[in-house]
Structures are given as C-alpha cells and as structure tokens.
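Hi,

Here is the structure I promised to pass on. Have it open while you read, and my notes will walk you through what turned up.

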Amino acid sequence: DHIYRLSYIMTIPVKDVCVMMIEHAIQDETIINRISKNFQRGIWFNETLFHGSSYNPPVTKFEYGQTDRIHFRTKKELHDKISALSYSLDCSLSRVCAILLYESLIDRNFINNCVADCALDASRTRELRFLYSQLVFR
C-alpha cells in the first residue's frame, strides 16, 4: 500500500518505483550493514567482505497484514546483486526484494529525495503527509 502511495505521489509507475527502491537499498551502506546481521554465508558485496554464520538469526517472514504481489524487471547486474544477497541470507529472491523494499521505505532520506523533485498538488501533499504518519523511519 505504501509503495502504491509513493508511486502516486511521484507520478511514476509502481514497477519503476520498486526498481528505484531496490537500487537505493543495494547501494546504501547502512541498509546492507543492517541486514548483514542475518547473513548465513560469507559474501563479497560492494567491495566489502561480510562474514556469515549459521549462528546468525535467519530472515523471518514479515507479518504486516495485507500484502500485494508486485511485478517488475531488473537489469542483469541488479539481479546478480539480489541473487548474491539471496545466497548469503539463504532465502528466496522475492524475500530479499521484500526486505530491500521495506528497508528503502523506512529510510527517510530516500523518501525525501524521491519527492524533492515532484510537483505536489493538494491531494499528493495529503498522501505524502499520510505516508509520513504511517512509516516508522530509521
């Protein structure tokens, strides 16, 4: 629901917003460091070596209520990075994408940068305020 709301605010298709969010999450060092505590296997990622361990807590399923399936395509290099994270986290590609989408959504800098260039009318401003009130930022 929040991704659809962000898509409406930015007037960009949902699939493009999702790709932007995943690209942001993969490039953001703090997000990768945050999810690295769940790495089950070691990985060389973004010029950093992360050590995984089977003693690290596994990735758990989100229990946030209603969810929707979102379809999008990525370029091969982005897909390879998602696959590497999937291998290291020992979970599916779709679970990794869900984690990356969630981490981008709660990143205030990402949301601010996305809406900074948008021309907001009254209804989009109202949606942005609602989005800010619903999200817990890190």
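Contact here means heavy atoms within 4.5 Å. Helices (H or I, at least four residues) and strands (E, at least two) are DSSP runs, numbered from the N terminus.

Before going on, bear in mind that this is a predicted model: local features need pLDDT of at least 70, side-chain atom pairs count only at pLDDT 80 or more, and totals for chains, interfaces and linings use all residues. Residues are numbered from 1 along each chain as its sequence is written, and side-chain values use heavy atoms, with hydrogens and water left out.

So which residues of H6 are buried? In this helix (residues 108-116) they are Phe 110, Ile 111, Cys 114 and Val 115. Buried means under 20% relative accessible area, exposed over 50%, and partly exposed in between (1.4 Å probe, protein chains only). Looking down the axis of H6, you'll see these buried residues fall within an arc of 115°, so they line one face of the helix. That arc is taken from the directions from the helix axis to the C-beta atoms. On the face turned away from the buried side you'll find the exposed residues Asn 109, Asn 113 and Ala 116.

Next, two helix pairs. Two packed helices are described by the angle between their axes and the distance between the axes. The axes are lines fitted to C-alpha atoms, for helices over the stretch in contact, and the angles run from 0 to 180 degrees between N-to-C directions. Angles under 35 degrees count as roughly parallel, over 145 as roughly antiparallel, 65 to 115 as roughly perpendicular and the rest as oblique.

- H1 and H2 cross at roughly 105°, and their axes come within 9 Å. That makes H1 and H2 roughly perpendicular to each other. Ile 3, Tyr 4, Leu 6, Ser 7 and Met 10 in H1 meet Val 14, Val 17, Cys 18, Met 20 and Met 21 in H2.
- H4 and H5 have axes 9 Å apart and pack at an angle of about 100°, so H4 and H5 are roughly perpendicular to each other too. Among the H4 residues that meet H5 is Ser 86, which is buried at a relative accessible area of 11%.

Now the rings. Phe 39 is in the loop between helix H3 (29-35) and strand S1 (43-45), while Phe 50 is in strand S2 (residues 48-50), so the pair ties together parts eleven residues apart in sequence. Phe 39 is buried at 0% relative accessibility, and Phe 50 is buried at 11%.

Last, Arg 41 lies over the face of Tyr 87, 4.5 Å from the ring centre. Arg 124 lies over the face of Tyr 8, at 4.4 Å. (A charge sits over a ring if NZ of Lys or CZ of Arg is within 6 Å of the ring centre and within 35 degrees of the ring normal.)

Cheers
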